[in-house]
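User: I am new to protein models and would like to learn how to read one feature at a time. Could you guide me through this one?

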Amino acid sequence: MIRGRFITLEGGEGVGKSTQLRALSEALAARSIEVVATREPGGSVGAEAIRTLLMEGSDDRWDARSEALLFAAARADHVARTIRPALARGAWVLCDRFVDSSRAYQGGGGGITDADILALHRFGSRGLLPDRTFLLTVRPDEAARRLAARGDRDRMGSKPADYQARLAARFAEMAATEPQRWRLIDADLPAADVTAAMLAELIEWLP
Ligand SMILES: Nc1ncnc2c1ncn2[C@@H]1O[C@H](COP(=O)(O)OP(=O)(O)OP(=O)(O)O)[C@@H](O)[C@H]1O
Ligand SMILES: Cc1cn([C@H]2C[C@H](O)[C@@H](COP(=O)(O)O)O2)c(=O)[nH]c1=O
C-alpha cells in the first residue's frame with residue numbers, strides 16, 4: 001500500500017534538477033518528513049549498474065529500442081527495490097528524472113512511441129506515476145551557460161542543440177496534457193526562489 005508522496009523533477013540538461021533535489025530534500029527533512037532522494041537512471045544497486053551501461057561509451061552504443069529497454073529495466077529495479085518500499089513506510093521519494101524522461105528522450109528525441117514507452121512502464125514498474133512532477137524550465141542560453149560552467153559531458157548529454165530544443169518542447173507538451181500532476185517552475189530564478197516555488201506547490205500535503 002502506498003502512503004508516502006512521490007515527487008519527480010524533470011527537464012533538460014543543466015536546468016538545476018540535482019541542485020533542487022538536494023534543496024527540496026533539506027526543506028522537507030526540516031519539516032520532519034522522511035525523505036528518500038534518488039535519481040534515474042539509478043537509485044538501486046541493479047539500476048546503478050545499468051546506468052553505467054547507458055552513460056558510458058559512444059553516442060551510437062545502443063540502438064533506440066535497446067536503450068528504451070535498458071532505461072525501463074533500470075526503472076523497474078529502482079521502483080521495486082527503492083521507491084515502493086519507501087512509499088509504503090510513509091517516506092517521501094524525491095526523484096531526479098523518471099518515466100517522463102524516457103517519454104521525452106527515447107520518445108520525443110529517440111523515435112519510440114509514447115504508447116510503447118508507457119507499455120514498458122506498465123510491465124516493468126506496474127505503471128507507477130508520481131503524485132507531482134516539477135518541470136524545471138530555463139532559457140536555452142542559461143542552460144548552456146550552466147553546463148559549460150560545470151564542464152562535464154557524458155554519453156547522454158552530448159546531443160546536439162536541436163535535440164535539446166525538441167526535448168524542451170516534448171516536456172512542455174506532456175505537462176500541458178496532465179496539468180493535475182505537473183507544475184511548471186521557472187528555474188532561471190536564483191536557486192532559493194526555485195525551491196520556494198516548488199514547496200508552495202506541495203503545501204496541500206505538508207504536515
Ligand atoms: N538557480 C540556479 N541559478 C544559477 N545556477 C544554478 C542554478 N541551479 C543550478 N545551478 C548550477 O547549474 C549547474 C547545473 O545544475 P544541476 O547539476 O543541478 O542541473 P541538472 O538539471 O541536475 O543537470 P543534469 O540533468 O545535466 O544532471 C550547476 O553548476 C549548478 O550549480
Ligand atoms: C531517466 C532517463 C534519463 N535519460 C537521460 C537524460 C540525461 O541525459 C541522462 C541522465 O543524466 P543526469 O545527469 O543524471 O540527469 O540520461 C534518458 O534518456 N531517459 C531516461 O529515462
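User: Where does G14 lie?

Analyst: This is a predicted model, and in it G14 lies in the loop between β1 and α1. E13 has its place in the loop between β1 (6–10) and α1 as well.

User: Is G14 buried or exposed?

Analyst: A residue is called buried when 20 or more other C-beta atoms lie within 10 Å of its own. G14 has 22 other C-beta atoms within 10 Å, and therefore G14 is buried, whereas E13 counts as partly exposed because it has 19 C-beta neighbours inside 10 Å.

User: Which residues is G14 in contact with, leaving aside its neighbours within four places in sequence?

Analyst: With those neighbours left aside, G14 is in contact with A143, R146, L147 and R150.

User: What does UniProt place at G14?

Analyst: The UniProt record, an unreviewed entry, places the feature "binding site" at G11, G12, E13, G14, V15, G16, K17 and S18.

User: How many residues does the largest nonpolar core have?

Analyst: That core has 45 residues, and those with the most contacts inside it are V93, L94, L136 and I185. Helix α3 (residues 64–88) gives the most to this core, with nine residues. Leaving aside its neighbours within four places in sequence, V93 is in contact with several residues, including F6, I7, V36 and I83.

Definitions and conventions
Residues numbered from 1 in each chain as written. Chains lettered and ligands numbered in written order. Predicted model: local features only at pLDDT ≥ 70, side-chain atom pairs only at ≥ 80, totals over all residues. Core = buried A, V, L, I, M, F, W, Y, C linked by C-beta atoms within 7 Å. Buried ≥ 20, exposed ≤ 12 C-beta atoms within 10 Å, placed from the backbone. Helix = DSSP H or I, 4+ residues; strand = E, 2+ residues; numbered from the N terminus. Contact = placed C-beta atoms within 7 Å. UniProt positions renumbered as here; feature names shortened; annotations may be inferred.
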